[in-house]
Amino acid sequence: LGFGGCMKDVKFTRGAVVNLASVSSSAVRVNLDGCLSTDSAVNCRGNDSILVYRGKEQSVYESALQPFTEYLYRVVALNEGGSVSSVWTHARTRESVPQNVPTPSRVHSINGYSIEVTWDKPAGVIGVIEKYILKAYEADGPTVPITSAELADAGMLTGVLTGLHPFTNYAVTLTACTLAGCTESLHALNISTPQEAPEEVQSPTAVSFPTFLLMSWSPPKTPNGIITQYTLYMNGVPIYAGNGTKYVVKDLAVFTPHQFLLTACTLAGCTNSSQVTLFTAQLPPSHVDAPVLTVLDSRTIYVQWKEPVEVNGILDRYIIYMATNEQNFTKWNVIYNSTELFLDFTIPQLFPGTEYLIKLAACTGGGCSISEASMAITDESTPEGVPAPKAQSYASDSFNISWTKPEYPNGIITSYGLYMDGILLQNSSQLSCYAYGLAPWSLHSFRVQACTAKGCALGPLVEARTMEAPPEGMVDVFTAAGGSKEVQLKWLAPNKPNGKLTYTVLVTGLFYADQ
């Protein structure tokens with residue numbers, strides 16, 4: 001290769017043999033202007049130069065030169081009177097892209113994540129190698145390298161490639177670069193990284209039951225090899241070792257926490273998961289005491305209760321159910337359902353004098369347990385909604401009167417009183433009465449009174465008539481002549497009409513007719 005300038009401070013490696021005569025046989029000592037020094041017998045270069053351009057232009061482009069080679073140029077200006085020459089100037093062509101980059105000569109694993117690569121210096125590179133690049137491709141994978149490393153020290157023929165995955169097959173290539181570009185080796189050297197301890201070992205999970213846990217776990221997200229064994233720890237004690245991914249932990253207490261940890265191993269080592277706390281499932285409380293009931297007044301009951309002794313989980317809510325004797329205690333209604341976990345509740349807007357059955361449910365995440373029912377009777381009050389009686393007459397001198405219970409008895413009805421025309425006709429527990437000895441077609445009023453121990457209440461007033469009977473007495477008739485062709489009749493009603501009277505007039509004799 002051509003070189004312009006002087007060299008100094010040349011040093012030789014100890015032990016190296018250098019034949020200076022043969023090395024310097026082709027060397028020429030020249031000045032930087034391209035001419036030989038004066039003490040040389042060789043003539044100044046110029047006679048062996050090559051004419052590259054003749055013309056009138058002031059620039060020229062020369063091609064087909066050798067890569068990375070230094071050339072000397074000077075310009076001669078000519079006219080009919082003579083010529084003048086420039087000084088010699090030098091220029092070097094750029095390097096070419098490397099050709100025939102060799103495959104790495106040797107690759108060996110440092111560990112599962114890095115390898116050391118050795119190669120030979122590419123032959124026939126015209127120019128200066130700026131850097132080497134090592135690339136690792138996953139075997140039978142994409143054509144994009146998994147990782148690469150640039151080595152700027154071109155004098156080094158060994159490099160380390162990191163960022164690999166354990167227990168994986170790779171194809172390693174060498175790329176050599178000059179300033180003109182880079183060339184990758186046509187072939188690759190294959191290597192398999194060794195196994196390492198697993199990474200990202202996942203914590204075990206469980207399906208919870210009251211007295212056992214169905215444990216399961218997934219393989220590590222990054223196994224880094226072949227998993228040889230799993231070890232499951234509960235509360236720091238190993239309870240399972242093997243290749244399976246499921247295990248049943250039996251004979252546990254209800255809703256009890258336990259600490260679990262999983263270890264996964266390859267031939268290279270073991271890795272622990274993070275510790276996780278898992279609970280057995282909840283059950284309903286073992287027993288719920290019946291609530292304590294206190295009647296505050298005729299419409300309010302105060303309910304109190306205690307927390308169950310054996311909750312078997314976390315208390316979630318209390319529920320109060322209530323039934324009444326009006327429905328024969330067959331229908332239970334939810335009147336309280338709360339997660340506040342208070343221990344009392346006041347039931348308002350009840351009916352006076354009514355028997356209630358009340359029971360309590362305590363609930364956990366495992367279900368509810370219901371207590372026995374407690375009974376309470378609200379204080380009595382005067383009845384409400386006393387009905388109007390129904391009076392029916394089937395004879396002209398009597399009534400059959402009947403009625404129903406009050407809409408809201410508000411207690412135990414002690415008696416019913418029937419008033420006819422404002423006079424108490426009957427006072428008993430009966431729901432009917434027979435009134436007789438009445439005048440035909442006579443108008444009467446009726447009203448029912450219902451009583452509890454707290455007092456009485458009257459229902460609405462109704463009126464009704466007895467049936468009609470035949471009139472009694474004579475009908476006196478009076479006549480008066482109204483002219484030659486008219487007679488006026490008048491009469492008096494019977495002494496006892498016994499109903500709503502209508503009259504019929506019967507006339508016999510000759511009637512006048514116009515001829």
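## Chatting through a predicted model

Q: Which side chains does Arg299 or Glu384 meet in a salt bridge?
A: Each other's: in this predicted model, the side chains of Arg299 and Glu384 form a salt bridge, 2.8 Å from N to O.

Q: Where in the chain do Arg299 and Glu384 come from?
A: From distant parts, 85 residues apart. Arg299 is in the loop between β21 (292–297) and β22 (300–304), and Glu384 is in the loop between β28 (374–377) and β29 (390–395).

Q: Is Arg299 buried, exposed or partly exposed? And what about Glu384?
A: Arg299 is partly exposed, at 33% relative accessibility. Glu384 is partly exposed as well, with a relative accessible area of 33%.

Q: How many salt bridges does the count come to?
A: Four. One of them joins the side chains of Glu150 and Lys131, at 3.4 Å from N to O.

Q: Where are Glu150 and Lys131?
A: Glu150 is in strand β8 (residues 147–151) and Lys131 is in strand β7 (residues 131–138). They are 19 residues apart, and the pair links distant parts of the chain.

Q: What is the exposure of Glu150, and of Lys131?
A: Glu150 counts as exposed, at 55% relative accessibility, whereas Lys131 is partly exposed, with a relative accessible area of 25%.

Q: And Arg317, which side chain does that one meet in a salt bridge?
A: Asp316, at 3.1 Å from N to O. Arg317 is partly exposed at 25% relative accessible area, and Asp316 counts as partly exposed at 34%.

Q: Switching topic: what domains is the protein chain divided into?
A: Domain 1 takes in 205–279 and domain 2 takes in 292–378. Their C-alpha centres lie 44 Å apart.

Q: Let's look at Val207. Where is that residue found?
A: In strand β13 (residues 205–208). Val207 counts as partly exposed, at 45% relative accessibility.

Q: What does Val207 touch, leaving out residues up to four places away in sequence?
A: Phe212, Leu213 and Leu214.

Q: How far apart are Val207 and Lys135?
A: In sequence they are 72 residues apart, and in space 47 Å, C-alpha to C-alpha.

Q: Now Thr354. Where is its place?
A: Thr354 is in the loop between β25 (344–347) and β26 (355–364).

Q: Buried or exposed?
A: Buried: Thr354 has 6% relative accessibility, and it gets that label because buried means under 20%.

Q: Which backbone oxygen does the Thr354 side chain reach?
A: The one of Phe351, at 3.1 Å.

Q: Last one: which residues form the nonpolar patch on the surface?
A: The patch is made of Val475, Val477, Val487, Leu489, Trp491, Tyr503, Val505, Val507 and Phe511. Together they have about 850 Å² of accessible area.

Q: Which strand gives the most to the patch?
A: Strand β38 (residues 487–491), with three residues. Val487 is in strand β38, and Val487 is exposed, with a relative accessible area of 58%.

Notes: Residues are numbered from 1 along each chain as its sequence is written. This is a predicted model: local features need pLDDT of at least 70, side-chain atom pairs count only at pLDDT 80 or more; totals for chains, interfaces and linings use all residues. Side-chain values use heavy atoms; hydrogens and water are left out. Domain bounds come from an automatic or database domain assignment. Helices (H or I, at least four residues) and strands (E, at least two) are DSSP runs, numbered from the N terminus. Buried means under 20% relative accessible area, exposed over 50%, partly exposed in between (1.4 Å probe, protein chains only). A polar contact is a pair of N or O atoms within 3.5 Å; within protein, one must be able to donate a hydrogen and the other to accept it, and residues adjacent in sequence count only if both atoms are side-chain atoms. Patches are made of residues with over 30% relative accessible area and no salt bridge: like charges are joined within 9 Å, nonpolar side chains (Val, Leu, Ile, Met, Phe, Trp, Tyr) within 5 Å. Accessible areas come from the Shrake-Rupley method with a 1.4 Å probe; for residues, only the protein chains shown count as cover. Contact means heavy atoms within 4.5 Å.
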